[in-house]
Amino acid sequence: MEGLFFNVNGGYVEGIVRGYRNTLLTGQNYGNLTQCETIDDVKLQLSPAYGDFLASLPPNPSTSSLANKTTDKLVAEFRYLQGQSTGTLLKFMEYLTYGYMIDNVALLITGTLHERDTRELLERCHPLGWFETMPVLCVATNIEELYNSVLIETPLAPYFKGSLSHQDLDELNIEIIRNTLYKNYLEDFYKFTTEHPELKGTPTAEVMAETLEFEADRRAINITLNSFGTELSKQDRKKLYPDFGRLYPEGTLMLSRADDMEGVALAVSGVHDYKQYFDTVGMNGGMSGSGPGNMSGGGGSDGKSLEDMFYQKEMEISKMAFTRQFTHAVIYAWVKLREQEIRNITWISECIAQNQKDRIGNYISVF
Amino acid sequence: MSGAGDREPVFPTRQSLGAMKSKLKGAETGHSLLKRKSEALTKRFREITRRIDEAKRKMGRVMQIAAFSLAEVTYAVGGDIGYQIQESAKQARFRVRTKQENVSGVFLPQFESYTKDENNDFGLTGLGKGGQQVQRCRETYARAVETLVELASLQTAFVILDEVIKVVNRRVNAIEHVIIPRTENTISYINSELDELDREEFYRLKKVKNNKQRDNNAAEEERKNSKRRGSDKENDQEPVDVLGEQEDQDVIF
């Protein structure tokens, strides 16, 4: 049934996204990129995919400007799609931007906390996370004002409400605030895709549930691993885990009690995929002596790190999303794939710029 | 050689000769001491140069690794975290203290780095993703800064030693090529002057002696003459009749 009327509103956008998907770099392209000797070569190789956007770059651009330009393209395409979308799709795309908004808001809060001129920060914000009232955030000079009159006006207000007070903004570490917001956002997004009357039972709900569950699990695991050795208490840590996902509730409970790598491995052992990752990493980690979650080359081993494997998994899920039709999830998947592509390009050009070719193959390509 | 070349404005007296001699001796001792100091410093200098070379090479490697680990962070976090890090860092974790090292009387500052482990201001950065890379990157950069600190103390020592070696060498050369020759000149000048004086004195004495002798001789002659004359006179007059009351003038032989 859901396929019957989907194309009335979403057909054009879906078609466009599928077109965009086809312009993503393939393994062949990456192979060519890794052969490049200079950034200029990289630029040349990228010109079929990114032509207009890279044209304005000076010869031998820095990797960051390259990344900025590629991001610009993503943003431009995303804005176009946003302009074409209506109804639940529009809402869906708004949800997509919330993740970036959280980053931007966290950035601005940091600036306000340290009494910096927040106007300078606006240009550092991620363009996808831009919302109309964001410049207003700069008006606030103290944290209470920011909370009471400005944050309330942002689309993120529901995520602040109930979990963070303005005292928290002052006292808590900005990272905890960011992750609390992100947890609330993920839960809300999950609820939206699975329970919204127009999306419930559609392929969107199915695909997005899988994607978001994975995202939630990944965050939970990462937060746990990264909090070892910091002042983050277990109670606080538990509050940062999203309340859904394949690990929820037993796995997250165990995660909240984990003290070390083994504890985490035990906690995730209920889910086959994650267990497999940990087994692989555990072997590599044991040999190279580097901690969990590191980039594979960090300890000098060739094996993939946990973070790499999560990225890989995310990309595969995103790729699989394109096998479904009549779903908004392809947009999410496309954005994620595109982001990974930008990261890959940055990584490859960084390797070339710094002459560290031995780890240039560390990118993740799924096509 | 007296008077030729540079010499000190002294009166050629025996006292100043003594002073000059002790000065020469002092200059020679000072020269050998300074020479030894300069050698010690040069040795140290060479060692530092070598270590600077090593440290610079090491710095190149370490900075490269550090820059690469930053690239890793960018990859893992997927964005710019510089601002967050800047803002959340409140206290220096990596600190530097200085101490002094004495190399043959030259004080070289030495920087020593140490970390305050309790400062962990951005320990939570990248909590959601990439936290491990951020920490790793921090460690790599801490190592890079360590190398920089090491290099900084070497470079400072290098500059200071360079300066000091120049000064010492200048002194050594000054003593060797100016003070010692001048003092020697002065000494030989004084000596020659004194000799001159001696000769003059000697000549004068000789002259005086000659004169005296001549005078004496003349006097002798005179005396002899007068004596002879006296004896003639005596012959003429001697048998003075004391009793006669010199009235008998008419007695002639």
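**The chain contact and its surroundings**

Reply: With a relative accessible area of 60%, A:N355 counts as exposed (exposed means over 50% relative accessible area, buried under 20%, and partly exposed in between, with a 1.4 Å probe and protein chains only). This is a predicted model, in which local features need pLDDT of at least 70 and side-chain atom pairs count only at pLDDT 80 or more, whereas totals for chains, interfaces and linings use all residues. Residues are numbered from 1 along each chain as its sequence is written, chains are lettered from A and ligands numbered from 1 in the order in which they are written, and side-chain values use heavy atoms, with hydrogens and water left out.

A:N355 belongs to the segment after helix 18 of chain A (helices, H or I of at least four residues, and strands, E of at least two, are DSSP runs numbered from the N terminus). The phi of A:N355 is near 60°, a positive value in a residue other than glycine. A:N60 also has a positive phi, of about 50°, and sits in the loop between helix 4 (39-55) and helix 5 (63-84) of chain A. Most residues other than glycine have a negative phi.

Turning to the contact itself, 45 residues of chain A and 27 residues of chain B take part, where contact means heavy atoms within 4.5 Å. The two chains bury about 3,200 Å² between them, 52% of it on carbon and sulfur atoms; buried area is the accessible area (1.4 Å probe) that two parts lose on being put together, summed over both. The interface holds one salt bridge by the rule applied, namely a side-chain nitrogen of Lys or Arg within 4 Å of a carboxyl oxygen of Asp or Glu. Its partners are A:R359 and B:E72, whose closest N and O atoms are 2.6 Å apart. On the side of chain A that touches chain B, helix 6 (87-113), helix 11 (174-195), helix 12 (203-227), helix 17 (306-321) and helix 18 (329-353) each supply at least two residues. That side divides into 14 nonpolar, 21 polar and ten charged residues (Ala, Val, Leu, Ile, Met, Phe, Trp, Tyr, Cys and Pro count as nonpolar, Asp, Glu, Lys and Arg as charged, and the others, Gly among them, as polar).

Some of these helices also carry salt bridges within chain A. In helix 11, A:E175 and A:R178 lie three residues apart, about one turn of the helix, and their side chains meet at 3.4 Å, N to O; both A:E175 and A:R178 are buried. A:E206 pairs with A:R324 at 2.7 Å between the closest N and O atoms. Because A:E206 lies in helix 12 and A:R324 in the loop between helix 17 and helix 18, this pair ties together parts that are 118 residues apart in sequence. A:E206 is partly exposed at 44% relative accessible area, and A:R324 is partly exposed at 28%.
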